[in-house]
Amino acid sequence: MASAAEQLAANLNFSAFAKAGDLKKRIWFTLGALLVYRLGTYIPMPGINPDALARAFEQQQSGILGMFNMFSGGAIGRMAIFALGIMPYISASIIIQLMTSVIPSLESLKKEGEQGRQVINQYTRYGTVLLATVQAYGISAGLETQAGIVLNPGWFFQLSAVVTLVGGTMFLMWLGEQITSRGIGNGISLIIFAGIVARLPSAVANLLELGRTGALSTTVVLLVIVVAIACIAFIVFFERAQRRLLIQYPKRQVGNRMFQGDTSHLPLKLNTSGVIPPIFASSLLLLPVTVANFSNTANLPGWATAVIASLGHGQPLYMLVYAGLIAFFSFFYTAVVFDPKDTADNLKKHGGFIPGIRPGERTAEFIDYVLTRITVIGAIYLVLICLLPEFLISAAGVPFYLGGTSLLIVVSVTMDTVAQIQGHLLAHQYEGLVKKAKLRGGRRGAR
């Protein structure tokens with residue numbers, strides 16, 4: 001099956017793009033919104049000493065702060081008003097999705113269509129405010145423990161920090177929703193994408209500088225480039241991969257005419273969980289190390305110090321636990337976002353069935369059987385994508401931003417955005433053909 005980029009290249013030309021006025025407005029709106037986001041990552045939070053913050057951040061950037069700094073486009077390293085980024089919203093969304101699986105009232109809301117979705121979105125916003133408030137207070141309290149970072153410690157700084165950071169997160173949440181509705185692509189994903197892409201040029205420049213100064217050999221630099229290109233090709237292939245289940249619909253009679261039954265396919269993505277497993281696995285794995293770095297390690301027992309040292313970036317235990325967490329979250333999140341029973345019930349409601357499988361419970365069991373096995377392949381794919389660059393990062397000191405998680409997010413969001421652009425162009429071309437057909441029909445009628 002051709003990729004979205006290949007289909008786009010085959011179906012559109014510059015003249016079609018030039019005539020798509022609505023699409024151009026959406027693209028300009030998206031670029032303007034992302035520019036506003038990037039400007040916000042350079043507006044510092046009040047009451048911070050930037051020099052002391054930079055010195056303290058250099059010691060912590062290998063932990064969870066380094067990963068979140070990548071997602072926020074460097075806002076955490078500058079402690080900007082968008083330092084929390086969009087991650088509280090993503091965490092709240094995942095928590096609400098989990099709750100819909102265990103709370104009957106939320107599950108019924110999910111099945112009510114657009115009205116229920118709006119209520120769930122409102123709950124997600126409330127959860128975002130709660131999580132952002134807790135995280136903002138934690139950041140303000142943690143900054144006060146570091147000497148020289150906060151100019152005037154106290155309750156006023158904590159209050160201003162919480163208001164600033166929570167307000168920044170809520171603005172980004174609103175901005176992402178505006179991009180989704182008035183722009184092109186998924187707004188939340190594009191905000192994370194913009195943060196990573198903004199940091200990639202400096203990471204590549206640092207890599208080339210390390211090669212120029214001799215800190216990295218030319219062979220290692222070329223190997224990193226080759227691995228990055230191979231990872232991108234690997235991601236494109238697996239993100240487009242699907243297992244299609246044949247769906248048949250019975251023959252139907254309308255009046256005296258018998259119509260042949262239709263056939264379609266139920267597509268099951270190889271990587272149903274997307275980029276969530278690497279993000280959550282990295283967060284959980286790097287959290288103990290980051291907390292230990294902020295606290296006094298001398299007061300920790302010997303076994304705790306040994307475990308934290310073993311979970312350091314690039315250590316064998318780190319790699320093993322990282323792979324296990326990615327595999328676990330791949331299955332866990334797939335079970336959250338895809339319910340075989342609901343899919344089987346919808347097929348049965350519309351008269352569809354899988355050939356050779358009885359509708360209802362047997363269909364749900366078969367879909368679950370197939371989904372479980374392709375999720376195994378998807379989990380292996382995510383582990384390989386995320387661990388192969390980790391070996392290079394730990395062995396050769398390659399910049400953190402060239403890791404598999406960042407490449408996975410960048411490539412996936414790019415493919416989704418290109419597919420949406422293609423959809424808008426095809427819709428525009430279809431509308432043009434319909435107008436031409438009506439015009440020709442009117443002329444023939446006039447004759």
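Is Arg 244 buried, exposed or partly exposed? In this predicted model, Arg 244 is partly exposed, because its relative accessible area is 44% and the partly exposed class lies between the limits of under 20% for buried and over 50% for exposed.

**Arg 244 and its surroundings**

- Arg 244 is found in strand 1, which covers residues 242–248, and its side chain makes a polar contact, at 3.5 Å, with the side chain of Gln 242.
- Although Arg 244 and Pro 267 are 23 residues apart along the chain, their C-alpha atoms are separated by 4.5 Å.

- Side chains of opposite charge can pair when their charged atoms come close.
- One of the salt bridges is formed by Arg 125 with Glu 177, where the closest N and O atoms are 3.1 Å apart.
- Since Arg 125 lies in helix 9 (residues 114–145) and Glu 177 in helix 10 (residues 155–182), the pair ties together parts that are 52 residues apart in sequence.
- Arg 125 is partly exposed, with a relative accessible area of 23%, and Glu 177 is likewise partly exposed, with a value of 25%.

- Lys 269 is partly exposed, with a relative accessible area of 36%, whereas Glu 239 is buried, with a relative accessible area of 10%, because buried means under 20%.

- Lys 341 forms a salt bridge with Asp 345, with the closest N and O atoms 3.4 Å apart.
- Both Lys 341 and Asp 345 lie in helix 16 (residues 340–349), where a spacing of 4 residues places them about one turn of the helix apart.
- Lys 341 counts as exposed because its relative accessibility is 51% and the exposed class begins over 50%, while Asp 345, with a relative accessible area of 33%, is partly exposed.

Conventions:
Residues are numbered from 1 along each chain as its sequence is written. This is a predicted model: local features need pLDDT of at least 70, side-chain atom pairs count only at pLDDT 80 or more; totals for chains, interfaces and linings use all residues. Side-chain values use heavy atoms; hydrogens and water are left out. Helices (H or I, at least four residues) and strands (E, at least two) are DSSP runs, numbered from the N terminus. Buried means under 20% relative accessible area, exposed over 50%, partly exposed in between (1.4 Å probe, protein chains only). A polar contact is a pair of N or O atoms within 3.5 Å; within protein, one must be able to donate a hydrogen and the other to accept it, and residues adjacent in sequence count only if both atoms are side-chain atoms. A salt bridge is a side-chain nitrogen of Lys or Arg within 4 Å of a carboxyl oxygen of Asp or Glu.
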